[in-house]
Amino acid sequence: MTRATDLSRFWELLERRLGWTHTDQDGSQTTTVLAERAAAHGLSERAYLARLTRAGWESETAALADALSITETYFFRHSDQFRILREQVLPQRLAAREGQRVLRLISVGCSSGEEAYSLAIEAYRARPGSDWIVAVTGVDASPRMLAKARDATYPEWSLRETPDDVRQRWFRRAGDEFRVAPEVVSTVRFAEQNLAEEAPDLWQTGRYDVIFCRNVLMYLTPAIAGRLIRRLTDALAPGGYLFLGHTDSLGSDPDGLRLCHDGGTVYYRREEAEPDRPAESARPAESGPGSDAASPPQRTPPAPRRVETPARRVETTGTPAYDRALGLLRDDLFSDALDALGDPAGIRELLLSGVLLAQSGRIDEARDAAHRLMEIGGPHPDAHHLLGVCHELDCADQAVGQYRLAAYLDPGFAMPRLRLGLLARRRGDGRGAVAHLEPALGLLAAEDEERIVLFGGGFGRLALTTLCRTELEACGVRR
């Protein structure tokens, strides 16, 4: 049986070697990995930790990265970001690179390669002529994932959000699987890299036109994440673009970067020496559902109504249409989920409809759904939380009010506590952030799974717990 002191030491070594923060609340996954890796070398856990403490065991560090990595991904994941890449970012970068005719992109934390190849396909399609060079780099710490990436062959499930025309043009059948077209594969190289270590050749100043670093920062300690962001910013060409995951935020005024937005999608552009700015960067960023960026107040919506009656949450049995729509939400297929749900027949369906509308960028309709929920069922914590998500787009103060109501109406509801903590962190209110993040961390373990699907922004209990821990550590609280 693994001793608590050995587990704590193992976590410290992971932090030191890989820059990773804790990724499982009760330590079950880490305990299993520690036992398995020690047994693989014929060592006791204590002897294994002593060996790991000494320098020069890089192969084992890579094996740990492989064993502890979360690798779920697929082609063109979060299609709004790829739409922005295709419609706005690549045309601007192609114009800026007209003299060199070279376009460079990088996928940080590329896992099994789907994101890197998705970037390559978009860049290859966008290039004005065959004399342009497209160079894409995929970076990951897991040798096993990189081997899969280099093989460039994937099951059909990995192509579940790939448009039919893209699938037909850029993939080849290989039995029951699909192989990425050779001309795309030739543009991508993969590199094994521990993000906690220096890599000057990889992070050359001004090298990349586009950087995707999605769902990586939340797993890193604040110190390592801060260093990585500085490297990414420096490695962007002037006018280059950075895309992060929906749970990642650089605050309202990141050093050297300008916030941009398109609907509910937030991304970043490196500052240029020239005064000219793209139109979409002229306004403060807005955060979409599942995003951690919030815009400054631009208008003052009416104050929320005072709640005078006790909360009432009506549960219904899930219909086949509801269950199918909820499953599609899990896969980020928002439009398909709305189609599957049809006209909301009850409170549960109406809430899901509101969430899907918000995720699709149809914010006014999502707000209407939330208000209808309260008209039908009275004060409703989930409806107030949904309103908070919507209000993060136009007024952070209104969002705070709605989240507070949601938490008041249901003290066991973790999600509004988490959002209140994140908003407080962005305001620089560390004490207020801790006051909400600490109870959120405790409540997440027992949070209703359906609520996590509805309000987790595409992330599960483990990822949200990791985010909560990371933010607490940034406030100086070790958990």
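## Strand β10

T265, Y267 and R269 point one way from β10, while V266, Y268 and R270 point the other way. All of these residues are buried. The model is predicted. Strand β10 spans residues 265-270 and is mostly covered, with six of its six residues buried. In a regular strand, side chains alternate between the two faces of the sheet.

β10 has antiparallel pairing with β9 (residues 257-262), over six bridges. In that pairing, D262 stands opposite T265 of β10. Strand β8 (residues 236-244) also runs antiparallel to β10, and two bridges join them. Here Y241 has R269 of β10 as its bridge partner.

## The seven-stranded sheet

β10 belongs to an open sheet of seven strands. The order is β6-β2-β1-β7-β8-β10-β9, and the pairing is mixed. β6 (188-192) and β9 stand at the edges. Each has a single partner strand, so one side of each is left without a neighbour in the sheet. Neighbouring strands here are turned by 20 degrees against each other on average, direction ignored.

Helix α7 (residues 143-151) packs on this sheet. It touches β2 (133-140) and β6, and its direction makes about 170 degrees with that of β6. Helix α10 (residues 222-235) lies across β1 (102-108), β7 (208-213), β8, β9 and β10. α10 runs at about 135 degrees to β8.

## The three-stranded sheet

A further open sheet has three strands, in the order β3-β5-β4. Its pairing is antiparallel. The edge strands are β3 (153-155) and β4 (171-174), and each pairs on one side only. On average, neighbouring strands of this sheet are turned by 35 degrees against each other, direction ignored.

β4 and β5 (residues 177-180) run antiparallel and are joined by four bridges. Within this pair, R173 stands opposite F178 of β5. Strands of a sheet pair through backbone hydrogen bonds, either parallel or antiparallel.

## Helix α11

Helix α11 covers residues 320-330. Its buried residues are Y322, A325, L326, L328 and L329. They cover an arc of only 160 degrees around the axis, which puts them on the same side of α11. An α-helix has 3.6 residues a turn, so residues three or four places apart point the same way.

The face turned away from the buried side of α11 carries the exposed residues P320 and R324. Helices α12 (334-341), α13 (347-359) and α19 (449-455) are among the elements that cover the buried residues of α11. Just after α11, D332 takes a positive phi of about 65 degrees.

## The whole protein

The protein has 20 helices and ten strands. It holds 479 residues, of which 57% count as buried. Its accessible surface comes to about 20300 Å². Carbon and sulfur atoms account for 49% of that surface.

Contacts were also sorted by separation in sequence. Among those between residues at least 6 apart, 70% join residues at least 24 apart.

Terms used:
Residues numbered from 1 in each chain as written. Predicted model: local features only at pLDDT ≥ 70, side-chain atom pairs only at ≥ 80, totals over all residues. Heavy atoms only, no water. Buried < 20%, exposed > 50% of the residue type's maximum accessible area, 1.4 Å probe, protein only. Arc of directions from axis to C-beta. Contact = heavy atoms within 4.5 Å. Areas by Shrake-Rupley, 256 points an atom, 1.4 Å probe, with all protein chains shown as cover. Pairing = 2+ DSSP bridges. Axes fitted to C-alpha atoms, helices over the stretch in contact; angles between N-to-C directions.
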